[in-house]
Amino acid sequence: MRALRTATTGMSAQQMNVEVISNNIANMNTVGFKRQRAEFQDLLYQNVERMGAQSSETGTVVPTGIQVGAGVKTGSVYRIMTQGSPTRTENTYDIAIDGKGYFQILLPSGETAYTRAGNFAVNDQGQIVTKDGYLVQPNITIPQDTTDVSISKSGQVQVIQDGVTTPVVVGQLEIATFYNEAGLEAIGDNLFLESGASGPANIATPGEIGYGTLMQHYVEASNVDAVSEITALIVAQRAYEMNSKVITTADEMLSVASQLRS
Amino acid sequence: MDNTTYVALSRQLVLRRELDVTANNIANMNTTGYKFEQLLVSPERGRPTFNDPIKTAAHFAFDKGIGRDFSQGTFLQTGNPYDLAIDGEGAFFVVNGANGNLYTRDGAFTVNNEGVLTTQNGLVVQGDGGGEIRLNPQYGEPTISPDGIVSQRAEDGAVRVGKIGVVRFGNLADLEKRGDNLFAATTNVPPVPATDARVRQGLLEASNVNAIAEITKLVEINRAYASVSKIIEQNQELNRTAVERLGRSA
């Protein structure tokens with residue numbers, strides 16, 4: 001019975017839906033997290049009676065035909081790259097990007113990863129690093145006798161050193177954009193890698209046309225909306241239940257058929 | 001076998017197919033832009049069986065086609081600038097398939113690594129009058145107006161980068177489902193631009209499957225199948241009794 005298999009595809013699709021939603025909810029408070037959405041597509045159709053086929057010798061044509069679908073599949077799980085709201089933290093090395101762009105992070109493997117989680121810190125050598133200790137590119141070293149650090153909207157890093165009244169420029173932060181941000185490959189730890197789908201990174205200073213600006217003392221909150229996630233969860237659960245009802249119905253019909261006495 | 005059993009069997013076969021169609025509707029309850037389907041069943045006058053002395057005409061249950069309800073689905077807000085929904089029944093986005101154009105109401109689009117607007121499966125979304133829509137990665141996210149004009153913000157104001165093609169068919173029954181939320185045309189009649197349809201950005205069209213109606217249909221199918229089975233059983237019982245009694249009197 002086809003209905004059994006159709007309902008199975010429906011149940012596994014909804015299971016995938018719940019998995020995506022639960023990951024969104026789990027990361028509701030993750031800095032720079034972008035929510036994901038599962039996109040479903042219908043499966044292949046079997047043409048029982050092809051539309052447009054001739055139904056008689058005089059040339060009459062089947063107007064509608066019969067196409068029976070085989071269920072549903074997960075077409076893709078894509079990321080929605082909208083801006084999260086900036087949250088003030090007062091931390092010197094917390095930087096949020098307002099607009100498009102990603103910070104570049106040098107991984108220990110030598111690869112460059114990209115992130116919007118700008119909750120940085122300095123290491124024992126004064127270099128700006130992520131929470132995992134990976135270097136932020138282009139690397140900037142804060143001198144030891146620094147009393148105050150200020151990062152401008154356009155990414156210029158200035159320090160005020162002990163006994164010096166004028167600020168000194170120690171570096172310039174750069175951000176990267178992509179043709180297709182949703183195509184970046186997530187590797188966990190709030191990091192993304194460039195992929196064939198995302199296109200190459202285009203690097204520029206913040207504030208140029210098409211690039212966002214930086215906000216010191218802020219981090220970007222996740223763009224997960226709790227209410228809509230919970231609503232989506234309810235919808236997914238109900239859809240799962242209804243697919244299981246189809247299986248029950250198909251099963252009951254099969255049992256009726258098998259109980260027919262001959 | 002006599003008429004009763006054949007008529008009952010024809011109904012059971014149709015009910016099984018109805019269950020398949022309903023199962024597909026329920027499986028696609030959360031599929032973007034999905035349009036629900038229903039089996040069209042009509043009585044078909046059949047030839048009476050050979051050994052029927054009274055020659056009663058038998059009406060078999062026959063599924064003559066599938067009906068699709070193209071009514072508008074509700075809108076689902078996603079906030080994604082690449083998610084589009086069509087506000088207007090029977091209108092479609094045009095995408096470039098392997099063998100010509102395909103049509104879809106699923107506007108969950110994205111851009112590829114060259115900045116060209118595509119579906120999630122990578123099929124290129126066609127502009128008004130054909131051709132791709134290429135976004136300039138230098139500029140920000142696109143704004144799409146209700147009439148389908150795609151524009152981006154540049155240094156000196158908004159730049160128009162294209163217009164999304166939205167078309168309509170004279171006869172929706174000419175469309176055939178291809179899976180992946182795509183429809184294909186079965187005739188050579190070209191679609192016309194749907195001028196009255198509106199494109200809504202940041203929204204997706206939910207499927208128009210009515211959960212309550214589908215569950216009710218499940219119950220109906222289940223009960224009908226059981227009662228038809230009952231008829232077959234009773235008919236066989238009748239035959240058995242007849243043979244027994246006639247055998248006794250002979």
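This is a short tour of a two-chain model, stop by stop, for you to follow in your viewer.

**Before you click**

What you have open is a predicted model, where local features need pLDDT of at least 70, side-chain atom pairs count only at pLDDT 80 or more, and totals for chains, interfaces and linings use all residues. Residues are numbered from 1 along each chain as its sequence is written, while chains are lettered from A and ligands numbered from 1 in the order in which they are written. The model scores are ipTM 0.78 and pTM 0.84.

**Stop 1: chain A on its own**

Select chain A and switch to cartoon view. You'll find two helices and 20 strands. Here, helices (H or I, at least four residues) and strands (E, at least two) are DSSP runs, numbered from the N terminus. Chain A has a radius of gyration of 27 Å, well over the 18 Å that the globule rule gives for 262 residues, so it is more spread out than a compact globule. That radius is taken over C-alpha atoms, and the rule is 2.2 Å times the number of residues to the power 0.38.

**Stop 2: a loop residue in chain A**

Now pick A:Ala221, in the loop between β20 (218–220) and α2 of chain A. (Buried means 20 or more other C-beta atoms within 10 Å of the residue's own, exposed means 12 or fewer, and partly exposed is in between; C-beta atoms are placed from the backbone.) Beyond its neighbours within four places in sequence, A:Ala221 is in contact with A:Gly84, A:Ser85 and A:Thr87. Contact means that the C-beta atoms of two residues, placed from the backbone, lie within 7 Å.

**Stop 3: where the chains meet**

Show both chains. 59 residues of chain A are in contact with 57 residues of chain B. Which element gives the largest share of chain A's side? That's α2(A), with twelve residues. Other elements giving two or more residues include α1 (2–26) and β1 (36–42) of chain A. Colour this side by class and you get 27 nonpolar, 24 polar and eight charged residues. (Ala, Val, Leu, Ile, Met, Phe, Trp, Tyr, Cys and Pro count as nonpolar, Asp, Glu, Lys and Arg as charged, and the others, Gly among them, as polar.)

**Stop 4: the two parts of chain B**

Chain B divides into domain 1 (3–70 + 209–249) and domain 2 (75–205), with bounds from an automatic or database domain assignment. Their C-alpha centres lie 41 Å apart. Four residues of domain 1 are in contact with ten residues of domain 2.

**Stop 5: the cores**

Select B:Phe92, B:Phe93, B:Tyr103, B:Ile164 and B:Val166: of the 61 residues in the largest nonpolar core, these touch the most other members. Such a core is a set of buried Ala, Val, Leu, Ile, Met, Phe, Trp, Tyr and Cys residues joined through C-beta atoms within 7 Å. Strand β5 (residues 91–97) of chain B gives the most to this core, with five residues. Zoom in on B:Tyr103: leaving out residues up to four places away in sequence, its partners include B:Leu175, B:Leu182 and B:Phe183.

Finally, bring chain A back. A second, separate core of 34 residues includes A:Ala232, A:Val246, B:Leu15 and B:Tyr225.
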